[in-house]
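This briefing walks through one protein chain for a reader who is new to structural models. Please keep the sequence and the three-dimensional view at hand while going through the points.

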Amino acid sequence: MEDVIEKVRRLPEDRQAYVAEVLEQIVANDGDLFVVPDEHRAAVLEGLEQAERSEFATDQEMAALWKKCGL
């Protein structure tokens with residue numbers, strides 16, 4: 001574990017913050033593993049398959065999504 005912590009310390013600050021956030025989430029759940037729900041796993045696998053087929057959203061579709069999300 002100390003080796004990993006040393007590697008994390010060498011990461012850029014934003015990546016260190018991300019690692020800290022993930023560790024906080026693990027600790028908050030008493031160290032229980034997060035189990036990805038089947039429907040989430042299926043959605044991720046579908047997205048990967050779409051990417052392999054080069055099926056990506058257009059810039060216009062992404063702009064509409066960001067607008068819908070208020071971003």
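This is a predicted model: local features need pLDDT of at least 70, side-chain atom pairs count only at pLDDT 80 or more; totals for chains, interfaces and linings use all residues.

A salt bridge is a side-chain nitrogen of Lys or Arg within 4 Å of a carboxyl oxygen of Asp or Glu.

**Overall form**

- The protein chain has four helices and zero strands, and reading along the sequence gives the pattern α-α-α-α.
- Whereas a compact globule of 71 residues would have a radius of gyration near 11 Å, the protein chain has a value of 18 Å.
- The C-alpha trace of the protein chain spans about 45 × 30 × 25 Å when it is taken along the principal axes.

**Surface and charge**

- Among the 71 residues of the protein chain, 0% count as buried, where buried means under 20% relative accessible area.
- The accessible surface of the protein chain comes to about 6,900 Å², and carbon and sulfur atoms account for 57% of that surface.
- The protein chain carries 8 positive and 17 negative side chains, and the centres of these two sets lie 4 Å apart.

**Helix α2 and its residues**

- Helix α2 covers residues 13-28, and Ala 20 lies in this helix.
- Ala 20 counts as partly exposed because its relative accessibility is 39%, which falls between the limits of 20% for buried and 50% for exposed.
- Although Ala 20 and Ile 5 are 15 residues apart in sequence, their C-alpha atoms are 10 Å apart in space.
- Val 22 also lies in helix α2, and with a relative accessible area of 30% Val 22 is partly exposed.
- Together with Tyr 18, Leu 23 and Ile 26, Val 22 makes a nonpolar surface patch of about 350 Å².

**The salt bridge**

- Side chains of opposite charge can pair when their charged atoms come close.
- In this model the side chains of Arg 53 and Glu 55 meet in a salt bridge, with a distance of 2.9 Å from N to O.
- Are the two partners of this pair buried, partly exposed or exposed? Arg 53 counts as partly exposed, because its relative accessibility is 49%, and Glu 55 likewise counts as partly exposed, because its relative accessibility is 42%.

Notes: Residues are numbered from 1 along each chain as its sequence is written. Side-chain values use heavy atoms; hydrogens and water are left out. Helices (H or I, at least four residues) and strands (E, at least two) are DSSP runs, numbered from the N terminus. The radius of gyration is taken over C-alpha atoms; the globule rule is 2.2 Å times the number of residues to the power 0.38. Buried means under 20% relative accessible area, exposed over 50%, partly exposed in between (1.4 Å probe, protein chains only). Accessible areas come from the Shrake-Rupley method with a 1.4 Å probe; for residues, only the protein chains shown count as cover. Lys and Arg count as positive and Asp and Glu as negative; His and the chain ends are not counted. The place of a charge is taken as NZ of Lys, CZ of Arg, CG of Asp or CD of Glu. Patches are made of residues with over 30% relative accessible area and no salt bridge: like charges are joined within 9 Å, nonpolar side chains (Val, Leu, Ile, Met, Phe, Trp, Tyr) within 5 Å.
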